[in-house]
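This report describes one protein chain for a reader who is new to structural work. Please keep the sequence and the model in view while reading.

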Amino acid sequence: MSYPSTSSRRVGPRRPYGRALLVALLATSVLTACGSVEVRDGDDGAPQEKSGPLEVAVVPKAVGHEFWNTVRAGAECAAKRAGDVTVQWDGVTAETDVEGQVNLLQNFVTRKVDGIVYAATDSAALAPATERAVTAGIPVAMIDSGTNPQPDNVPLYATDNRAAAVQAAKMLADELGTGNHDVALIEFQPGSQTNTERVEGFKEGLTKYPNLKLVGQQPSHSDVNEARRVTENILTANPRLAGVFAANEPSVLGAAQAIQAAGKSGKVVIIGWDAAPDEIAGLRSGQISALVVQNPFKMGYLGVDSMVKHLRDKAPLASADTGVTFLTKENIDAAESKAVLEPNCDNPPVQ
C-alpha cells in the first residue's frame, strides 16, 4: 500500500471568494470519490466514524510460533468478514526483543495506521508505547498480554491465565495421585503479564496440594532449546522429579524433549500450555498428560473485529475473556476441542 506524501504549504495572496469556494468544492468531491478514512475527534473528544478502507496493524509478541500464526488467522478472518480492511501483520522474531517491539509500534504510529492491535512482550516497558499511540489519536486494543498499567480505554482480549494455571496445578496433582512428589515449573518470559499470571496461578494452585513440592523453576525465554536445557538441569538436580508444568508452547516442547532424552517419557507427568501440532502429537502418544488450550483465533478475531466496529460505528471497546479448554487424550476429538484446534473462518469459534 502506498501513502501520499505531505509537504508544507506557502500561504499566497488572498484569492477571490468565488475561486476559493470552487477549490473547496472540488476538494470535497475528490475526497468523496476516493473514500475518506481521515477522522478527527469531535469537540467533545469522542471519536468520529471512519468511512472507506481501514488499515489495522496487528503485532504479536513474536512471529513464528504456531500460537501466533493462529492469532493471525483470526485477525485476517475478521478483516475479511468486515470488508475493505487491511491487516498489517508484523512482529519481532523473539519475545525477548522488547525494544524491537517498542520501535515497531512507534513505526505504525508514525505511519498513522487507523488502529493497533497488539500483545505486549513486557507489561511495564510497553505501557508508554500504548500511551503514545492513544495520544496520537490511534485507538489500541490488546490481545493475550496487556500492560501495567492497562489504560481504561484500551481493552484486553485474553485468557484468564491465573485461573487456568490454578487448574493446571490441580490437573498435575490429580495425575500424580497420592504420596509426595517433586515437581518443576518451566515459565517463559519474566516481565510478560501472561507469564506472571501463570506462574502466580500455578503456585496458588500448589498451595492446595502440600504433597507436591516445587523443586525447580526456570524460564525458557520462549525458546525450545533453552527450555530443553533448563529442564535437563532440573532433572539432573532432582532425579526423583515426578511432574512438570510448562507454561507455553516452546517450554512444553523443550521440556518434553529433555524428558524423552532422559528416558523418562510417561514417567514424568507433563501438564502443558498451548496446542501446537507437536504438543497434540505428544498428548496423543501419552508423553504429555494434558494441555491448557487458549483460543488464539478468537483473540485475533475479536481484536480486529472490535477495532473495526469502533472505527466505523463508534462502538465502545470492551475487554473480553477469550476462554480456555483443558485438553486430554479423552476429549481431544470432541467437537468443542476441534472447534478450537481447527478454527474455520466460515464458522469462527468466537461466540
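In which hand of crossing does helix 5 pass helix 6? The crossing in which helix 5 passes helix 6 is right-handed. The model discussed here is a predicted one.

**The chain as a whole**

The chain contains 11 helices and 12 strands. It has 351 residues, and 50% of them count as buried. Its accessible surface amounts to about 17200 Å², and carbon and sulfur atoms contribute 49% of that area. Among the contacts in the chain with a separation of 6 or more, 72% are between residues 24 or more positions apart.

**Two pairs of packed helices**

A pair of packed helices is described by two quantities, the angle between the axes and the distance between them. The table lists both for two pairs.

| Helix pair | Angle between axes | Distance between axes |
|---|---|---|
| Helix 2 (residues 66-82) and helix 10 (residues 296-313) | about 35° | 6 Å |
| Helix 5 (residues 161-176) and helix 6 (residues 193-206) | about 40° | 7 Å |

Helix 5 and helix 6 pack at an angle of about 40°. Angles under 35 degrees count as roughly parallel and those from 65 to 115 as roughly perpendicular; helix 5 and helix 6 are therefore oblique to each other. On the side of helix 5, the contact is made by N161, R162, A165, V166, A169 and L172. Helix 6 contributes T194, E197, R198, E200, G201, F202, E204, G205 and L206. The residues of this contact between helix 5 and helix 6 comprise six nonpolar, four polar and five charged ones.

Helix 2 and helix 10 also cross in a right-handed manner. Residues of helix 2 in this contact include F67, T70, V71 and A73, while those of helix 10 include P296, F297, M299 and G300. Here the contact of helix 2 with helix 10 divides into 14 nonpolar, three polar and three charged residues.

Q101 belongs to helix 3, which spans residues 98-111. Q101 has a relative accessible area of 0% and is buried. Leaving aside residues up to four places away in sequence, Q101 touches V59, P60, K61, V92, Y118, A119, A120, T121 and L126.

F108 is also placed in helix 3. The relative accessibility of F108 is 3%. Buried means under 20% relative accessible area, so F108 counts as buried. With residues up to four places away in sequence not counted, F108 touches A57, V59, Q88, D90, V113, I116 and I138. F108 and I138 are 30 residues apart along the chain, and their C-alpha atoms are separated by 9.6 Å.

**Backbone features in the loops**

Most residues other than glycine have a negative phi, and most peptide bonds are trans. Which residues are joined by a cis peptide bond? N148 and P149 are joined in this way, with omega about 5°. P149 is located in the loop between strand 4 (140-143) and strand 5 (156-158).

K112 is a residue other than glycine with a positive phi, near 60°. K112 lies in the loop between helix 3 and strand 3 (115-118). Is K112 buried or exposed? With a relative accessible area of 66%, K112 is exposed.

S222 is not a glycine, yet it has a positive phi of about 55°. The loop between strand 7 (212-219) and helix 7 (224-237) holds S222. S222 is buried, at a relative accessible area of 8%.

Definitions and conventions:
Residues are numbered from 1 along each chain as its sequence is written. This is a predicted model: local features need pLDDT of at least 70, side-chain atom pairs count only at pLDDT 80 or more; totals for chains, interfaces and linings use all residues. Side-chain values use heavy atoms; hydrogens and water are left out. Axes are lines fitted to C-alpha atoms, for helices over the stretch in contact, and angles run from 0 to 180 degrees between N-to-C directions. Helices (H or I, at least four residues) and strands (E, at least two) are DSSP runs, numbered from the N terminus. A crossing is left-handed if the near helix is turned anticlockwise from the far one by less than a right angle, and right-handed if clockwise. Contact means heavy atoms within 4.5 Å. Ala, Val, Leu, Ile, Met, Phe, Trp, Tyr, Cys and Pro count as nonpolar, Asp, Glu, Lys and Arg as charged, and the others, Gly among them, as polar. Angles under 35 degrees count as roughly parallel, over 145 as roughly antiparallel, 65 to 115 as roughly perpendicular and the rest as oblique. Buried means under 20% relative accessible area, exposed over 50%, partly exposed in between (1.4 Å probe, protein chains only). Accessible areas come from the Shrake-Rupley method with a 1.4 Å probe; for residues, only the protein chains shown count as cover.
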